[in-house]
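Please load the model in your viewer and keep the selection panel at hand. The tour moves from one selection to the next and says what is there.

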Amino acid sequence: MSLLFPKRTKYRKQQKGRIKGKATRGHEVVFGDFGIQALAPAWVTRQQIEAARTALARATHRGKVWIRIFPDKPVTRKPAESRMGKGKGNVENWVAVVKPGTIMFEFAGVSEEEAKRIHRMVSYKFPIPTRLRRRFHLGGER
Amino acid sequence: MIVQAKPRSLSVKARRLRREGYVPGVIYGPQVEAPVHVAIREPDLEELFKHITRSTTLEVRVEGGETYHVFLKDIQVDPITDRFLHVDFYVPEPGRKLVLLVPVKLVGTAPGVKEGGILEHTHEYIEVEGLPRRIPPYFEVDISNLGLGDTIVIGDLEWDDELRPLHPLDDPIVTVLAPKTVRLEAEEAQEAGEAAPEGEGAAEEGEAEG
């Protein structure tokens, strides 16, 4: 799998924006048994997503992995040693805007112990603290 | 299951209520004239959620008011602190069918798993349509007779006009899959049996070319 980015966008460049508040959607584990949840706001780059995905896929062996975030925000940068002005820089990278609480990845097919070990390994790939979440079940459903 | 609730005045903000150890909630349904706003003690709610499923009928007793027989409709949880923010209770109309997800509980140990099989629990929940009084808190599925390759399908459970599944009856609930090595060996044996005459010929040709 190559690095993720959108096939087509309406506008080539975006403003930075600010990340405010907690996640109000995408904050529950809904596909797999475990999820990796962001605990701080961040721009997660497509390289970080790919690194985490590779690490997860290797660690879970025959398990399944779901990517719950997508890098749909272009980030621009001006060339080195160029004078200010002359318009906005070129698109250099793509990032996913992540709010605290967002479940970034989900996986299944491993035991709880393994999941903890996998989370510890994968957490190094992100620029923010994360934690492992189990899928929410009411007590009588376990 | 009984839930004790106290009526909530909307002039008291939800945030203040939560600070005081209560979780705001609402009771509504086709037969409830106006939604009833309530507050439930957070420890009571945590204790309640340890024992119920999403299809358990609950009895909500509102202090100084009515008692409602309800289903849990929605729970809002803070994604970071994991505290309950709000709960919705739905009062069903007794004569009207409703659609709900009923969890499946597996009972026993499948002998097929001891033989090296993998237990695949396809349907953790079954979507059903039925009268409120007929909807069970969960379906108990006994897997103690499930050998290697055996399956229990939705049609194996008991259904009638008042309670029916919204999945095809031949949908598997749980299967004991044969481990990959056993399956591969069986497939290879089958292929070898089918392709024996051709296989010999091909081998001879290969030698001639070499």
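Domain bounds here come from an automatic or database domain assignment. On that basis chain B is divided into domain 1 (2-90) and domain 2 (98-178). Before selecting anything, bear in mind that this is a predicted model, in which local features need pLDDT of at least 70 and side-chain atom pairs count only at pLDDT 80 or more, while totals for chains, interfaces and linings use all residues. Residues are numbered from 1 along each chain as its sequence is written, chains are lettered from A and ligands numbered from 1 in the order in which they are written, and side-chain values use heavy atoms, with hydrogens and water left out.

**Chain B as a whole**

Of the 210 residues in chain B, 36% are buried, where buried means under 20% relative accessible area, exposed over 50% and partly exposed in between, with a 1.4 Å probe and protein chains only. Taking contact as heavy atoms within 4.5 Å, residues 24 or more positions apart account for 65% of the contacts in chain B that have a separation of 6 or more.

**Between the two domains of chain B**

Now colour domain 1 of chain B and domain 2 of chain B separately; their C-alpha centres lie 31 Å apart. Six residues of domain 1 of chain B are in contact with eleven residues of domain 2 of chain B. The area buried between these two domains is about 650 Å², with carbon and sulfur atoms giving 67% of it; buried area is the accessible area (1.4 Å probe) that two parts lose on being put together, summed over both. Select Arg54(B), Ser55(B) and Phe71(B), which supply 72% of the area that domain 1 of chain B buries against domain 2 of chain B, more than any other three residues.

Which polar features cross the interface of domain 1 of chain B and domain 2 of chain B? The rule finds four residue pairs in polar contact there, both residues at pLDDT 80 or more, but zero salt bridges. A polar contact is a pair of N or O atoms within 3.5 Å; within protein, one must be able to donate a hydrogen and the other to accept it, and residues adjacent in sequence count only if both atoms are side-chain atoms. A salt bridge is a side-chain nitrogen of Lys or Arg within 4 Å of a carboxyl oxygen of Asp or Glu.

**Where chain B meets chain A**

Next, show both chains and select their contact, which takes 18 residues from chain B and 17 residues from chain A. The area buried between chain B and chain A is about 1400 Å², of which carbon and sulfur atoms give 53%. Three salt bridges are found across this interface of chain B and chain A, and one to display is that between the side chains of Asp78(B) and Lys22(A) (2.7 Å, N to O). The count of residue pairs in polar contact between chain B and chain A is eight, both residues at pLDDT 80 or more. On the side of chain B that touches chain A, β5 (67-77) and β7 (98-107) of chain B each supply at least two residues, and β5(B) gives the most, with three residues.

**Salt bridges elsewhere**

Over all chains the structure holds 16 salt bridges. In chain A, select Arg134(A) and Glu112(A), whose side chains meet in a salt bridge (2.5 Å, N to O). This pair links distant parts of the chain, with Arg134(A) in strand β7 (residues 130-134) of chain A and Glu112(A) in helix α2 of chain A, 22 residues apart. Arg134(A) counts as partly exposed because its relative accessibility is 45%, and Glu112(A) is partly exposed at a relative accessible area of 33%.

In chain B, go to Arg41(B) and Asp44(B), a salt bridge with the closest N and O atoms 3.3 Å apart. Finally for chain B, select Arg133(B), Arg134(B), Asp160(B) and Glu162(B), which are linked in a network of salt bridges.

**Helix α1 of chain A**

For the last stop, select residues 46-60 of chain A, the 15 residues of helix α1, which at 1.5 Å a residue should span 21 Å, in agreement with the 21 Å between its end C-alpha atoms; the expected span is 1.5 Å times one less than the number of residues. The buried residues of α1(A) include Ile49(A), Ala52(A), Arg53(A) and Leu56(A). Those buried residues pack against several elements of chain A, among them β1 (34-38), β5 (90-98) and α2 (112-123). Just after α1(A), His61(A) takes a positive phi of about 55 degrees.

Conventions:
Helices (H or I, at least four residues) and strands (E, at least two) are DSSP runs, numbered from the N terminus.
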